[in-house]
Amino acid sequence: QDEDKWDFVLVSNIHEVGSEKEIKRKKFLDELSKKGFAIKKIEDKKLFYGVRAPKQIFWKYQWLLRNPNSRLQNCDVHCDIPVTTRIRIVNFILQNTVTPDLEKLDDLIKKKVFEATFPLHEKEEVREFLKEKWVHWRDIFCEQRIEKIRCYFGEKVALYFAWLGWYTYLLGIAAVAGLVVFVAGITVFNSSQVSKEICEASNTIMCPLCDQKCPFWLLSDTCTYARVTHMIDNEGTVLFAMFMAIWATVFLELWKRKRANVVTDWDLYRWDEEEEELAMELINNLQHEPRRYQHSYFRSTIMLLLVLVMIAMLIGIAHALIIYRVIATALFTQSNFEFLREQANTMAVMTGAVLHYITIVIMTKVNRHVALYLCDLEKPRTFSQRENNFTVKIFTFQFFTNFSSLIYIAFFLGRINGHPGNYVRIAGKWRLEECHPSGCITDLFIQMAIIMLLKQTISNVMEYLIPWIAHKLRKKQQHPKKRSMILGEEEEEAEDPCKRQWLSNYQLKEVNIFSLFDEFLEMVIQYSFTTIFVAAFPLAPLLAFFNNLFEIRLDAIKMMRLHQRMVPRKANDIGIWLQVLEAVGILAVIGNGLVIAITSDFIPVQVYKYTYSPCMMENSTSVDCSTGYINHSLSVFRIQDFEPYTKLPEMLPDFLSNEIKEYRDYRNADDYSYTVQFWHIFAARLAFLILFEHVALCVKLIAAWYIPDVPQSVKNQFLDRKHSNLRKDLRWVMPRKV
């Protein structure tokens with residue numbers, strides 16, 4: 001039976017006899033033969049080399065690590081060692097075999113000596129089980145078979161799906177809470193006193209929103225926008241932001257417990273990755289000397305500077321998006337279409353969000369190349385260290401790519417644009433955007449909704465459709481050829497069952513060491529969207545929840561049917577991603593605190609209610625305490641103080657004699673300096689931010705302390721094991737009775 005099974009397949013073009021590539025290929029295969037590998041050659045349009053490692057390699061592995069696979073994963077092929085372990089060890093030896101020319105397999109692939117390497121999808125019992133119970137859409141709400149996934153793809157992939165399933169499960173709770181907050185906002189759609197005042201302000205004339213064709217406008221024109229804003233920006237949002245800060249902590253603490261249970265069942269809780277790597281190095285080459293730990297302050301400084309340059313470039317792209325929005329607003333206001341003129345700001349926000357999504361798609365590819373280049377400069381000691389360094393860099397770059405524009409909208413839009421008569425302008429021409437009188441939180445809501453919807457629809461569809469279409473096209477090209485084959489060729493095909501299997505595996509989409517990494521990165525960025533600005537977009541957890549239900553099945557279909565088999569990797573946790581998620585949890589507290597304190601109108605309204613409102617002045621209980629807030633938040637401006645090159649619009653007929661117009665700010669009417677109310681609100685914003693963040697962080701710490709990382713059952717299991725081992729050892733030294 002062993003003679004029919006092959007651990008790995010190498011694919012090469014057919015090179016001329018005696019050519020440099022043919023000689024290099026032969027040297028590499030000779031090195032494998034010296035190590036006892038069996039090699040089988042099949043020729044088609046390409047050359048296929050099946051390799052099978054000798055049993056002695058696996059005996060050495062089991063002896064060095066004292067049989068770490070005490071629970072066998074798969075006994076249908078090699079009863080002495082799991083298939084996933086075989087593939088992992090063979091892959092390590094292939095990647096680290098050195099030819100007499102001091103070239104490794106990666107070098108030969110770059111030089112086109114070999115085209116591809118992959119382990120085989122085989123008709124194992126566990127694979128058929130997964131295809132039946134895991135890949136189908138009918139199982140979308142069913143529990144995943146993590147143990148079976150581990151048996152076929154290894155621990156790293158199994159832990160990814162265990163984490164993704166757990167994250168999706170707990171997202172359901174956050175999604176329900178977000179939906180309740182959103183629905184509660186809809187129920188008060190018409191009841192907000194602030195919205196009512198805006199809708200009834202038919203005598204309040206506002207300053208033009210641009211320099212050329214924009215008219216003076218009535219505050220009551222924005223009635224619908226004000227109601228939508230209050231639907232998002234209300235007291236429930238503050239509670240939901242606090243809830244999500246606690247949710248993020250509880251999710252991670254419960255994941256640590258689940259992970260401890262899972263890896264204890266696999267007997268990998270105390271597994272040492274470094275020891276495993278050293279063992280495989282020695283199996284591959286007995287003369288191997290381990291690379292020493294090194295640290296260079298000079299190299300670290302250079303790396304830090306290069307990372308800062310890249311971050312500065314990403315922030316520059318965010319600035320370019322801001323300039324686009326400013327120019328687009330100006331152009332839309334001068335359009336011949338009435339709809340574009342009236343909705344210029346909203347259209348600029350929406351087209352800006354689409355443009356932002358396009359930059360995310362492009363910069364994701366650029367960020368990957370830059371992060372890999374920086375990792376190569378660092379010269380990490382081991383593959384796992386390289387992977388950790390790459391993870392931190394790519395996440396940092398992706399974070400700034402995804403969130404720079406959102407940070408501007410949340411915290412800077414409408415706060416650095418100056419005031420009528422003294423606007424801040426880009427290139428001295430285009431004035432910066434202003435916030436709506438109801439606040440900027442709706443702009444943030446629109447931006448997040450568009451980006452999340454585009455990411456979760458277009459990206460997922462492309463991620464699945466491209467390999468699916470390619471797979472179907474390859475199958476279609478293959479079928480006519482089979483029909484036209486003459487009888488003799490068909491018999492030859494039947495004589496070698498490996499050929500069809502190797503060809504079908506080769507035609508699947510190629511995977512690499514970062515294939516699983518891409519899935520993790522996608523989910524962690526989504527987790528960031530779901531937590532950091534959730535105060536502005538309470539539907540984010542709901543969108544993420546439905547996306548993940550499909551994501552799990554799409555990933556399963558890709559791995560089982562459309563992609564070549566991943567090289568299994570052993571792991572006992574999700575690696576540095578856990579620290580990244582914890583960092584995102586802290587950023588979520590800071591981000592939501594800033595959104596409520598700065599972006600939202602929550603603080604100005606509260607300051608007005610408890611300091612300047614009729615309730616404070618007249619002690620009246622029958623009046624809504626936010627009555628008069630809108631008028632209080634507006635400042636007046638004299639038309640004669642407009643800048644010389646501002647084209648004054650036509651006046652509204654009813655207000656021809658009125659020279660004072662209004663704008664959203666807290667400024668004095670005489671010299672346009674900030675009023676006492678501005679500084680009062682500024683102090684309240686700062687106080688709330690400090691209070692919110694300290695309370696949220698304290699609650700996070702208490703939740704982390706309250707929920708132990710490791711369940712007591714796991715601790716007791718190890719306690720019993722230690723006690724049993726010590727008792728056995730003690731029997732050997734007990735004195736014998738005479």
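Is Asp 709 buried, partly exposed or exposed? Asp 709 counts as partly exposed, at 36% relative accessibility; buried means under 20% relative accessible area, exposed over 50%, and partly exposed in between (1.4 Å probe, protein chains only). This is a predicted model, where local features need pLDDT of at least 70, side-chain atom pairs count only at pLDDT 80 or more, and totals for chains, interfaces and linings use all residues. Residues are numbered from 1 along each chain as its sequence is written, and side-chain values use heavy atoms, leaving out hydrogens and water.

**Salt bridges**
- The whole structure holds 29 salt bridges, each a side-chain nitrogen of Lys or Arg within 4 Å of a carboxyl oxygen of Asp or Glu.
- Lys 256 bridges to Asp 709, with the closest N and O atoms 4.0 Å apart.
- Lys 256 lies in helix H10 and Asp 709 in the loop between helix H25 (676–706) and helix H26 (712–731), so the pair ties together parts 453 residues apart in sequence.
- Helices here are DSSP runs (H or I, at least four residues), numbered from the N terminus.
- Lys 256 is buried, at 14% relative accessible area.
- Arg 667 and Asp 665 form a salt bridge at 2.9 Å between the closest N and O atoms, and both residues are buried.
- Glu 20, Lys 24, Glu 103 and Lys 111 are linked in a salt-bridge network.

**Aromatic rings**
- There are 41 aromatic pairs. Rings of Phe, Tyr and Trp (its six-membered ring) pair if their centres lie within 6.5 Å; planes under 30 degrees apart count as stacked, over 60 as edge-to-face and the rest as tilted.
- Trp 163 and Phe 251 make a tilted pair, 6.4 Å centre to centre, with 55° between the planes.
- Trp 163 is in helix H7 (residues 155–187) and Phe 251 in helix H10 (residues 235–265), 88 residues apart.
- Both Trp 163 and Phe 251 are buried.
- Ring pairs join a cluster that includes Trp 134, Trp 163, Phe 251 and Trp 577.

How values were computed:
Helices (H or I, at least four residues) and strands (E, at least two) are DSSP runs, numbered from the N terminus.
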